[in-house]
Amino acid sequence: MEHHIAIADGVYWVGVNDRRTKLFESMWPLPHGVSYNAYLIDDEKVVLIDAVKDLFSGDLAGNLHALLGGSRPVDYLVINHIEPDHSGAVQLLRQLFPQMQIVGNKKTVEFLQHLHGIGDNLLVVQDGDELALGRRTLRFALTPMVHWPETMMTYLAEEGILFSGDAFGGFGTLERGIFDDMLPEHVLVEDEALRYYSNIVGRVSPMVQNALKKLAGLELKMVAPTHGLVWRGNPRRIVDLYDRWSRYQAEEAVVLAYASMYGNTERIMEAVAHALTRAGVRDLRVHNVAESHPSYILRDIWRARGLVIGTPTYELGVFPMVDNLLSMLHEKRLCERTLGIFGSYGWSGGGVKGVQEFAAKMKWEVVEPVVEARFATKAEHLVQVEQMARALAKRVREFHPA
Ligand code: FEO
């Protein structure tokens, strides 16, 4: 089905919704799908901003044909980000429009050669360069590492539209409308935008801060990313959220992530959850790591000031699925969290010790006492749980987001 939606005079969304891919990057669940947003600017020159995954090349070609007919070509393809979910259609586009120039920076050209074997019809741009289209002008801003080294953004100055690549994107298809102001609520949108941020972009948060500084003076009437909603009603909302998330700012909330093999660690988890609630924690999310995908746990931890990890001991160490979560947190370089730790063991400890070593590596504050039961929970452990929960609740309350 052909799809094109006007987002401004002569500017169109020509992207696709992907409901077939179940795991983004073969890792992150897509229960609500994902969109690959491409945009067409129809001026004296015709420009396509980013493309789509190869699987959907035909859909993109149909969208372009519906707008341009068979007579007008695409003059430029701007590649803000060359990851295959946006550049997969490039070969078909070159067949359809043999004169089309590919616009990118030095790094884009390098990757284009290695990824697609393309080395001709290129227009190399640098930070701040402009490209005149006739009535309007594109300006390019290099924003490396948001999300790959070649990443850049393109600003259509006369319309105030920022084509931002992966930045400001989110998971989820767009059948309910492509604009933020067409949705009745934003809760799921924000959750899915944060899941996207923490899973895909979070590791490069300092580079996101660099990019935001570069965008500071721009008049933003619309933010048009390569995934998820086009932010037209309130473009500042997603920019401000990215600012918060990339500063590691968190809310007065706690995540309790645990695993349990025989129910002993789970009993401590229940005591911890009750104690946290008694201590005044109102925003508490509990995840059994054997059941929740790390994608969701990571998202929730990104927004919570406090975290409690509970692990049984397995093969003298941290339970594998807890260990996987810890290594993901380390990989994503999440800063400034306060941690409570509990666990259990049978004949040999190791689980709790492993979480303590993780906390030291992350330079996270650990509240005392750390609670560790041998086999079953005893009365003394419940006393310790109460103390740990009160200490954590206090630290979370004391934290005031800037
Ligand atoms: Fe949507 Fe980094 O690709």
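A crossing of two helices is called left-handed if the near helix is turned anticlockwise from the far one by less than a right angle, and right-handed if clockwise. The exercises concern a predicted model, in which local features need pLDDT of at least 70, side-chain atom pairs count only at pLDDT 80 or more, and totals for chains use all residues. Residues are numbered from 1 along each chain as its sequence is written, and side-chain values use heavy atoms, with hydrogens and water left out.

**Exercise 1.** Describe how the axes of helices α6 and α7 are arranged.

*Solution.* Begin with the distance: the axes of α6 (residues 205–215) and α7 (residues 235–246) come within 9 Å. Next take the angle, which is roughly 140°, on a scale that runs from 0 to 180 degrees between N-to-C directions. Angles under 35 degrees count as roughly parallel, over 145 as roughly antiparallel, 65 to 115 as roughly perpendicular and the rest as oblique, and α6 and α7 are therefore oblique to each other. Finally, the handedness of the crossing of α6 and α7 is left-handed.

**Exercise 2.** State how much of the chain is buried.

*Solution.* Counting as buried any residue under 20% relative accessible area (1.4 Å probe, protein chains only), buried residues make up 57% of the 402 residues.

Key:
Helix = DSSP H or I, 4+ residues; strand = E, 2+ residues; numbered from the N terminus. Buried < 20%, exposed > 50% of the residue type's maximum accessible area, 1.4 Å probe, protein only.
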